[in-house]
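The stops below follow aromatic rings and the charges placed over them.

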Amino acid sequence: MKLAVNYLQEVQELFEEGKIDFIDYIKLYSINGDLSPFDWCANHKDVLFHGMEGNGPNLANFNFWENRNIELQKEYYRIGNVPYISLHIDTSDKELLSEVDTIEIMKKNIEKVREVFNMQVILENVPARYKKREKDFLALPEFITKTVNELDCGFLFDIGHAKQAIDVLKMDFDEYVKRLPMDRLVEIHLSGVSTTEDGHIWALHRKMNEDDYKFLEEAINKYNTLQTVTLEYGAWAFDEENCNYPIPKYGVVNEEIKAEAYDQLMRIKEIIKK
């Protein structure tokens with residue numbers, strides 16, 4: 001079982017202090033376009049590359065291939081010794097297609113991904129949105145399972161995305177997970193969620209809670225295809241100025257974030273070693 005953590009300035013400092021040298025991968029976000037930490041990541045550990053450089057990780061986008069530097073991406077994958085490509089079962093296109101057409105768009109895009117990079121592809125579940133209910137089908141377990149199976153991909157289960165999805169869809173967590181393609185599980189994203197004053201759950205990469213650790217223990221024992229466990233910690237907020245918890249920033253080390261990242265990684269390490 002491999003252990004990964006997404007890049008933070010705090011993670012870099014912990015690693016350089018020798019406190020988390022047991023991690024196997026550093027996961028680098030390519031979603032926000034900032035790949036400046038790549039050289040440091042690749043010089044210290046193998047890299048998990050989330051999405052691709054360019055237009056983000058949403059496989060159902062019409063413009064998935066626009067503004068991508070394929071040769072540069074190949075170099076990122078090679079230098080980082082990246083084991084597989086992870087993408088979202090999602091679209092950011094304003095024009096939302098039917099379920100059938102959405103899968104067809106993903107099929108075309110993934111055929112080219114495989115042709116160009118010749119790597120394993122794993123697909124990640126995304127959360128349902130409270131104000132974009134027309135996109136609910138993207139988070140339905142039946143649609144996720146159909147997509148992963150028809151495209152013959154591995155599955156990346158994001159626990160925070162699932163918790164937001166069940167809140168929007170009014171479903172039971174265990175039943176939701178049961179209906180996902182967990183027989184193809186390759187990676188798990190671990191993170192806590194935020195609950196707003198009006199009771200909504202948001203997947204904001206907060207600190208994990210006891211339920212998250214319990215799920216991890218059960219998953220390790222239950223899913224024998226699982227290869228990688230990733231801590232996706234580093235919270236974000238809709239309104240940073242009025243946020244009551246720390247938000248990570250490149251180039252700045254926050255001691256609270258650093259301590260929480262360390263505590264979570266140590267706890268995950270203990271579970272994985274059992």
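**Aromatic rings, stop by stop**

Select Phe 38, Phe 49, Tyr 76, Tyr 77 and Phe 117: ring pairs join these residues into a cluster. Rings of Phe, Tyr and Trp (its six-membered ring) count as a pair if their centres lie within 6.5 Å; planes under 30 degrees apart are stacked, over 60 edge-to-face, and the rest tilted. This is a predicted model, in which local features need pLDDT of at least 70 and side-chain atom pairs count only at pLDDT 80 or more, while totals for chains, interfaces and linings use all residues. Residues are numbered from 1 along each chain as its sequence is written, and side-chain values use heavy atoms, with hydrogens and water left out.

Searching the whole structure gives 15 aromatic pairs. For one of them, select Phe 15 and Trp 40: the ring centres are 5.9 Å apart and the planes at 90°, so this pair is edge-to-face. It links distant parts of the chain, with Phe 15 in helix H1 (residues 9-16) and Trp 40 in helix H2 (residues 38-44), 25 residues apart. Helices here are DSSP runs (H or I, at least four residues), numbered from the N terminus. Both Phe 15 and Trp 40 are buried.

Next, select Trp 236 and Phe 238, whose ring centres are 5.1 Å apart with planes at 75°, so they too are edge-to-face. Trp 236 is partly exposed, at 36% relative accessible area; Phe 238 is exposed, at 55%. Buried means under 20% relative accessible area, exposed over 50%, and partly exposed in between (1.4 Å probe, protein chains only).

Finally, select Lys 112, whose charged end sits over the ring of Trp 65, 4.6 Å from its centre. Over the ring of Tyr 213 sits the charged end of Arg 267, 4.1 Å from the ring centre. The criterion is NZ of Lys or CZ of Arg within 6 Å of the ring centre and within 35 degrees of the ring normal.

Key
Helices (H or I, at least four residues) and strands (E, at least two) are DSSP runs, numbered from the N terminus.
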